[in-house]
Amino acid sequence: MSWELRDATASDLGAIMALERELFPEDAWPEHLMAAELAQPAGRYLVAVEPAGGSERIVGYAGVRVVGNQGDVQTIAVATSHRRLGIGRALLAGLLAEARRRKAADVFLEVRDDNAGAIALYESFGFEQLAVRPNYYPGGVAARIMRIVGRALARAAAAGDAAPSERVLVESADQNAHARHGRTRSAAGSAAEAARAVEAVRVAGSGADGRRVPLVLGIETSCDETGVGIVRGTELLANAIASSMDEHARYGGVVPEVAARAHLEALTPTLERALADAGVGLDELDAVAVTNGPGLAGALMVGVAAAKALAVSLGKPIYAVNHLVGHVGVDVLADEPLPMPTIALLVSGGHTSILLVRDLIDDVELLGETIDDAAGEAFDKVARLLGLPYPGGPQIDRVAKDGDPRAIRFPRGLTLPKDLARHRYDFSFSGLKTAVARYVEAREDAGEPVPVADVAAGFREAVADVLVTKAIAACQDHGIPRLLFGGGVTANARIRALAEERCAAAGIALRVPPLPLCTDNGAMIAALGAQLVMAGRAPSELGFGADSTLPATVVQS
């Protein structure tokens with residue numbers, strides 16, 4: 001078989017979509033999204049074509065996007081009949097060469113951890129594993145995040161051998177199968193390691209109960225918000241936040257490298273603002289706390305490096321703490337501390353989890369989590385399907401007010417009896433997202449208008465229903481009449497209203513922190529760090545690093 005590569009054009013859309021639907025029958029991109037990808041100026045799409053009776057047939061396609069100096073492969077797809085012909089390798093080589101021409105310093109991709117053939121292909125180009133996201137794909141398959149950088153990228157590009165990715169179907173040298181790749185959630189960056197560990201904390205004051213009341217600064221950079229908070233014991237003194245959301249909006253989602261660079265730019269002024277708001281100086285601090293996971297690898301590195309630099313330069317102890325547990329720990333700043341044990345439902349753009357918290361710093365158990373998309377990711381993706389801007393949560397909430405949540409009943413993932421046996425407290429939103437996409441496509445194919453308000457209302461109701469149902473089940477099953485809500489998605493009006501209604505009916509006390517403390521923030525990290533200090537816990541050793549997949553059960557690293 002003979003074939004050649006050329007640039008994709010808008011006229012190729014129909015043939016690309018035909019191949020897309022053939023290869024991804026369950027999860028093909030809508031045509032308008034693929035058209036937007038072909039038209040986006042930040043990258044390039046290639047097609048592999050085969051001569052066919054005076055015309056040509058598209059047998060493969062691939063795309064790369066370069067933002068700043070980071071490249072990300074959007075897709076690589078090869079027709080089943082044309083695998084093992086080197087098309088996938090050639091497409092990947094073309095993408096890497098293009099990324100290099102656009103001054104990319106590194107290129108990322110994400111691949112199913114069980115696709116040994118694709119991984120071997122990438123490694124042959126010089127890609128190295130950066131992180132692993134457990135249970136990312138349906139069926140509990142992990143996603144492996146890989147990167148090619150520096151000389152390896154230069155060599156690969158020069159030889160016509162290189163690659164990046166968001167969503168990929170790749171020919172396999174070891175298996176006659178394809179693999180879908182998800183949006184990369186990591187970014188480049190390096191943290192300068194500090195020289196030595198800091199010993200004990202010395203605290204200036206004490207509370208009424210005689211416990212030490214430390215002044216702790218917390219740094220949070222796990223995603224797209226730079227947060228610096230300062231607490232004295234359980235008293236909130238400052239909660240300064242700088243968001244890079246507007247920078248990500250034009251891309252329709254968080255771009256890891258953009259987030260990491262935004263943290264670099266925002267961290268110093270945010271730190272200065274927090275100190276001014278609290279009316280304290282750096283020399284008055286008793287300890288520094290920082291999120292070291294889970295989250296975007298590059299974004300986490302920025303916060304970890306900054307916190308280590310502060311701790312070493314000030315001679316203060318450092319506490320590396322868990323982002324998810326921080327969302328629970330922020331409740332200690334409330335007027336009336338939440339009794340333990342409690343069930344916590346954490347819902348954000350990157351996480352959807354149910355935790356059983358018996359003791360904030362000693363005993364946190366993960367009861368369930370999403371096995372694919374987080375709820376916040378589902379809101380963003382569905383908003384994009386409906387032509388709504390990023391971030392999707394507030395936009396869907398706004399549009400849904402004019403819709404009928406009963407007009408369209410979308411599926412509730414993992415709620416059937418057969419699913420509950422294995423996934424009683426787990427979530428799945430990929431099927432819901434696909435159901436919305438199918439509904440929208442069917443209306444468009446029929447030439448009918450899409451009832452955006454009804455779709456938004458039906459989707460929002462499905463998400464709210466499954467979140468609240470499973471959280472209340474966890475409370476009832478464990479005999480714990482307390483539920484703590486956390487994470488940015490709790491700002492959704494319908495989710496909050498449904499939780500209040502059903503918790504009241506079930507006799508469960510619902511706690512929802514103020515909105516500025518629900519979203520990612522430094523105050524929650526400072527609060528958790530202060531709890532560790534007051535409990536007499538030893539500081540973290542300076543050898544800790546950013547851990548993008550840190551388990552919820554690890555409170556302190």
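Guide: Helices here are DSSP runs of H or I with at least four residues, and they are numbered from the N terminus. The model is a predicted one, and in it helix α2 gives the largest share of the lining of the second largest pocket, namely four residues. The space in this pocket comes to about 350 Å³, and its lining consists of 19 residues, with Arg 65, Arg 250, Tyr 251, Gly 252 and Arg 384 lying nearest the centre. The elements that give two or more residues to this lining are α2, spanning 31–39, and α10, spanning 375–385. Sorted by class, the lining of the second largest pocket holds 10 nonpolar, four polar and five charged residues.

Turning to the sheet, five strands form an open arrangement in the order β12-β11-β10-β13-β14, and their pairing is mixed. Strands β12 (235–243) and β14 (318–322) stand at its edges with a single partner strand each, so one side of each has no neighbour in the sheet. On average, and with direction ignored, neighbouring strands of this sheet are turned by 20° against each other. Strand β10 (residues 215–220) runs antiparallel to strand β11 (residues 225–232), and six bridges join the two; in β11, Ile 230 is the bridge partner of Leu 217. Helix α8, residues 297–314, packs on the sheet, where it touches β10, β13 (287–293) and β14, and its direction makes about 160° with that of β13.

Terms used:
Residues numbered from 1 in each chain as written. Predicted model: local features only at pLDDT ≥ 70, side-chain atom pairs only at ≥ 80, totals over all residues. Heavy atoms only, no water. Pairing = 2+ DSSP bridges. Axes fitted to C-alpha atoms, helices over the stretch in contact; angles between N-to-C directions. Contact = heavy atoms within 4.5 Å. 1 Å grid on protein atoms, 1.4 Å probe; cavity = no way out; pocket = protein on both sides within 12 Å on 5 of 7 lines; lining within 4 Å. Points joined across faces, edges and corners; volume = space filled by probe spheres on them. Nonpolar A, V, L, I, M, F, W, Y, C, P; charged D, E, K, R; others polar.
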